[in-house]
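Me: I am new to this structure and would like a close look at one part of it, the sheet. Please walk me through how it is put together, and then show me what lies around it.

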Amino acid sequence: MAKINDYYQKKQLMEQLANEINQLEQDQSLKRELAFESSIRELMEEYDKSPKHVLRILAAIDPSIATEKAQGSTGTRAKRPMKTYTNPHTGEVVKTRGGNHKTLNEWRKTHGKETVQSWQKD
């Protein structure tokens with residue numbers, strides 16, 4: 001019985017979505033946006049341009065477009081600063097940008113986290 005209930009629920013959802021799509025298709029503002037999108041795509045095809053090319057052109061016209069894109073994109077983040085640790089017992093030096101270094105972890109197990117942190121030189 002669970003399958004038949006699932007079937008009817010899905011069928012009802014499909015009918016709801018079909019009704020919503022029909023309402024959207026009757027909306028004049030959506031029709032205008034779809035027509036605009038279609039025109040843009042035709043122009044891009046006619047001039048053999050990709051969306052990236054179009055964005056570059058628009059950014060040249062309006063520089064705020066380039067800054068909006070830069071803020072919205074993840075991009076690359078700045079590198080972490082290089083940290084240098086020197087073990088005073090062995091003289092061994094470890095340089096790392098992260099805290100999950102194999103040798104550092106061994107030192108932390110042996111000497112304690114605070115002690116190893118005191119070995120850091122900027």
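Reply: Start with the sheet. This is a predicted model. Three strands form an open sheet, and their order is β2-β1-β3. The pairing is antiparallel. In general, strands of a sheet pair through backbone hydrogen bonds, and the pairing can be parallel or antiparallel.

Look at the edges next. β2 and β3 stand there, each with a single partner strand, so one side of each has no neighbour in the sheet. β3 covers residues 120-121.

Now take the pairs in turn. β1 spans residues 83-86. β1 and β2 pair in the antiparallel sense over four bridges.

Find Thr84 and look across: Lys121 in β3 stands opposite.

Go back to β2, which covers residues 93-96. Thr96 sits in this strand. Is Thr96 buried or exposed? Thr96 is buried, because its relative accessible area is 9% and the cut-off for buried is under 20%. A polar atom of its side chain lies 2.8 Å from the backbone oxygen of Gly98.

Helix α1 covers residues 2-26. Tyr7 lies in this helix.

Charged side chains come next. Side chains of opposite charge can pair when their charged atoms come close. How many salt bridges does the structure hold? There are two salt bridges.

One of them joins Lys10 and Asp6, with the closest N and O atoms 3.7 Å apart. Both residues lie in helix α1. They are four residues apart, which is about one turn of the helix. Lys10 is partly exposed, with a relative accessible area of 49%. Asp6 is partly exposed too, at 37%.

Arg41 and Glu37 form a salt bridge as well, and here the closest N and O atoms are 3.1 Å apart. This pair belongs to helix α2, residues 28-46. Arg41 and Glu37 are four residues apart in that helix, so about one helical turn separates them. Glu37 is partly exposed, with a relative accessible area of 35%.

Finish in the loop between α2 and α3, where Asp48 lies. Helix α3 covers residues 51-61. Asp48 has a phi near 55 degrees, a positive value in a residue other than glycine. Is Asp48 buried or exposed? Asp48 counts as exposed, because its relative accessibility is 68% and the cut-off for exposed is over 50%.

How values were computed
Residues numbered from 1 in each chain as written. Predicted model: local features only at pLDDT ≥ 70, side-chain atom pairs only at ≥ 80, totals over all residues. Heavy atoms only, no water. Helix = DSSP H or I, 4+ residues; strand = E, 2+ residues; numbered from the N terminus. Buried < 20%, exposed > 50% of the residue type's maximum accessible area, 1.4 Å probe, protein only. Polar contact = N/O pair within 3.5 Å; in protein donor to acceptor, adjacent residues only side chain to side chain. Salt bridge = Lys/Arg side-chain N within 4 Å of Asp/Glu carboxyl O. Pairing = 2+ DSSP bridges.
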